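Hi,

Here is the structure I promised to pass on. Have a look at it first, then read my notes below.

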Amino acid sequence: MAAAIHSNSAAEASKGPQQPLTLYTTQTPNGIKISIALEELEIPYKVFKHDFVARTQKEPWYLAINPNGRIPAITDTFSDGSQIHLWESGSILKYLVEQYDKDFKLWYPAGTRENYELFSWLFFQIGGLGPMQGQMTHFNRHVTEKIPYAIERYSNETRRLYSVLEKQLATSQSGFILSKFTIVDICFWSMVAASGWAGVSLAEFPEIHRWYEKVLSRPSVAKGMNVPEPHPIQVLMDDKTGQKAKEFEEYSRSWVMTGMAKDAEGLKKRDPAC
Amino acid sequence: MPLKAIDLWGHWGAPNPWKVCIVLEELGIPYNIQSVEFSEVKQEAFLMINPNGRLPAIKDPNTGITLWESGAIIQYLVDQYDRDERVSYNSFPEKYFTQQWLAFQISGQGPYFGQATWFARFHPEKIPSAIDRYVNEVIRVIGVLDKAIETNNTGWLVGDKCTYADLSFVTWTSVAEGLLRELNKLDGLETRYPRYTEWLTKMEERESVKKIRERMARGRAEHGLPP
């Protein structure tokens, strides 16, 4: 699969404006942010599914698109016909609304107070809640030898960050994080959808739980969350035997821990973006 | 009409508020620093400014806006005050590339460099696997920057000039330098990541960066904190 895209990418680069947007992704919180936004804005797109076990996200063709070797990334054709590769979920979302959301369905007009405030929340998700919940998941799920201090550190910080969101939702008149549904809801929702997996209980955050269900009822969210494959969280949470959770944990651990070891190996050899 | 000074809630030693100061300096915007201790940021008075109880935050009397999160503040500042594109671009695709690198700084550099510092320097119990995880990530991020500078081939991350995207990395790279030196991992970095090293050197020659790095180093030294 990787090889197919590899051989196509150079040719596709010169084809011009008919090419639909390509989303490079996997079934993770950062990936579904983009597919949900694309569904909301009804932008046609193709999906390239990375294989983290095979480490296709570290192959040279993809590092040319995203030098950080992570997902998501997009390739799009700009209005002048030239191509753009973009990565980092926050910057992709900003690009999508600026380019495609002329009716302000998911944001506010550029230069307004509301729009600047929107980006306070967006950066808070990508720089705060996202990384910290990621660390919590790592120490709860991927590291086999439990490190109590690290688990406590990231559980406390993640729960503190959830309480900031909880308070914001409690004071919101719209039922969303801001005065209407925006890309900020998409950003946080994608993380909250994985909260149970990280080890956060929504029973502790009733406002977040209510908002979570409300956002889930949007058809575009129900669709976008299942790209490039069905979202695992409901299956995992419904599985009373714990067998599926165990399998998923082993799968995640395998690529994360192997990836970390390979990254460390690459650093010794000075392999960029290893 | 001359600009009124922007109020910036900052901290003597924290990289994120100083990062915003570099952009303010570059754009020649007057500002007052309201120095806040970490013990004060969770108090109701400050939570009214930033519901997350973190630094920095700004209040701009020229527009009446209050904003928090360094990335959102920097985007606001260039949007409002950099019409001449001194440290930003309005052209496609450079505008989006600068935003992308800023997002990477916010989500990829800051949090992980912060965790590395915590585990290697401050946490009383040394947990080698946690130190390795985050220090390796610091070095990996340095490698990504080095490669990107090589690919862009101008000495900068975006276009052919120094932008807010480049400048946003500087305060945390200063901390990383001190940390890697302490861990004996600084040796050889220059030869392994030559473009990264050149890029930093060029930025450190800028008046804005020189001034703010000095202030941050002084603040940290006065409080007994390593660079």
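This is a predicted model: local features need pLDDT of at least 70, side-chain atom pairs count only at pLDDT 80 or more; totals for chains, interfaces and linings use all residues.

Domain bounds here come from an automatic or database domain assignment. On that basis, chain B splits into domain 1 (6-81) and domain 2 (94-222), and their C-alpha centres lie 21 Å apart. The contact (heavy atoms within 4.5 Å) takes 18 residues from domain 1 of chain B and 20 residues from domain 2 of chain B.

Residues are numbered from 1 along each chain as its sequence is written, chains are lettered from A and ligands numbered from 1 in the order written, and side-chain values use heavy atoms, leaving out hydrogens and water.

Back to the two domains of chain B. About 1,700 Å² is buried between them, with carbon and sulfur atoms giving 69%; buried area is the accessible area (1.4 Å probe) that two parts lose on being put together, summed over both. In domain 1 of chain B, the residues losing the most area to domain 2 are B:P15, B:W18 and B:I22, together 32% of what that side buries.

There are also 2 salt bridges between these domains, a salt bridge being a side-chain nitrogen of Lys or Arg within 4 Å of a carboxyl oxygen of Asp or Glu. B:K211 forms a salt bridge with B:E25, with the closest N and O atoms 3.0 Å apart.

Cheers
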